[in-house]
Amino acid sequence: MFSKATEYALRAVIFIAQKSSEQEKLGLAEIAEAIHSPQFFTAKILQKLTLHNQVISSVRGPNGGFYITEAAKQKSVKSIVEVMGEGDLFDKCVLGLNRCSEKNPCPMHDQYKPIREDFVTLFEHQSIEEMAQEMNSGSFFIRNE
């Protein structure tokens, strides 16, 4: 459904929210290992997520690394998808048609509409912090083995 970059971005943000603070930052290698992603690819993703501190923050230097602020933890999971440039998936026609709408529906429009609405609701109402807390319960995982 999402690009590999967005999948890794979701995993990375959840891991960072789970394990970091402004006092305890995480390094690139640790994040890449935790989400099972190549370091170079992870670095590019983190660079996008830290641009203007949209989702996560970073500090350079010997005591540097990546972290997420308490305010950013309150953002929706949808915000991660949007920063990664895939926010249009929430509005897109299931068949990929540009002109699909209520007045000009594709053959699957009516069946897909409630699914898309549930999808949007899930991503809008789930916060980054909630996902991190679920990870802390030990019942969920974010790494392929």
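Student: Which residues does L49 touch, not counting residues up to four places away in sequence?
Tutor: L49 touches A9, V13, Q54, V55, I56, I80, V83 and M84. Contact here means heavy atoms within 4.5 Å. Keep in mind that this is a predicted model, where local features need pLDDT of at least 70 and side-chain atom pairs count only at pLDDT 80 or more, while totals for chains, interfaces and linings use all residues. Residues are numbered from 1 along each chain as its sequence is written, and side-chain values use heavy atoms, with hydrogens and water left out.

Student: OK, and which residues have the most contacts inside the largest nonpolar core?
Tutor: Those are L49 and I56, in a core of 34 residues. A nonpolar core is a set of buried Ala, Val, Leu, Ile, Met, Phe, Trp, Tyr and Cys residues joined through side-chain atoms within 4.5 Å. Buried means under 20% relative accessible area, exposed means over 50%, and partly exposed is in between (1.4 Å probe, protein chains only).

Student: Which elements give two or more residues to this core?
Tutor: α1, α2 (28-35), α3 (39-50), α5, α6 and α7 do. The most comes from α1, with 9 residues. Helices (H or I, at least four residues) and strands (E, at least two) are DSSP runs, numbered from the N terminus.

Student: How many helices and strands does the protein have?
Tutor: There are 7 helices and 2 strands, and along the sequence they follow the pattern α-α-α-β-β-α-α-α-α.

Student: Switching to α7: which of its residues are buried?
Tutor: I128, A132 and M135 are, in the helix that runs over residues 128-136. They lie on the same side of α7 because they cover an arc of only 55° around the axis; the arc is that of the directions from the helix axis to the C-beta atoms. Their cover includes α1 (4-19), α4 (70-73) and α5.

Student: What about K78, buried or exposed?
Tutor: K78, in helix α5, counts as buried because its relative accessibility is 14%. Leaving aside neighbours within four places in sequence, K78 is in contact with F90, V120, F123 and E124.

Student: And where is V94?
Tutor: V94 is in the loop between α5 (77-83) and α6 (109-125). With a relative accessible area of 36%, V94 is partly exposed.
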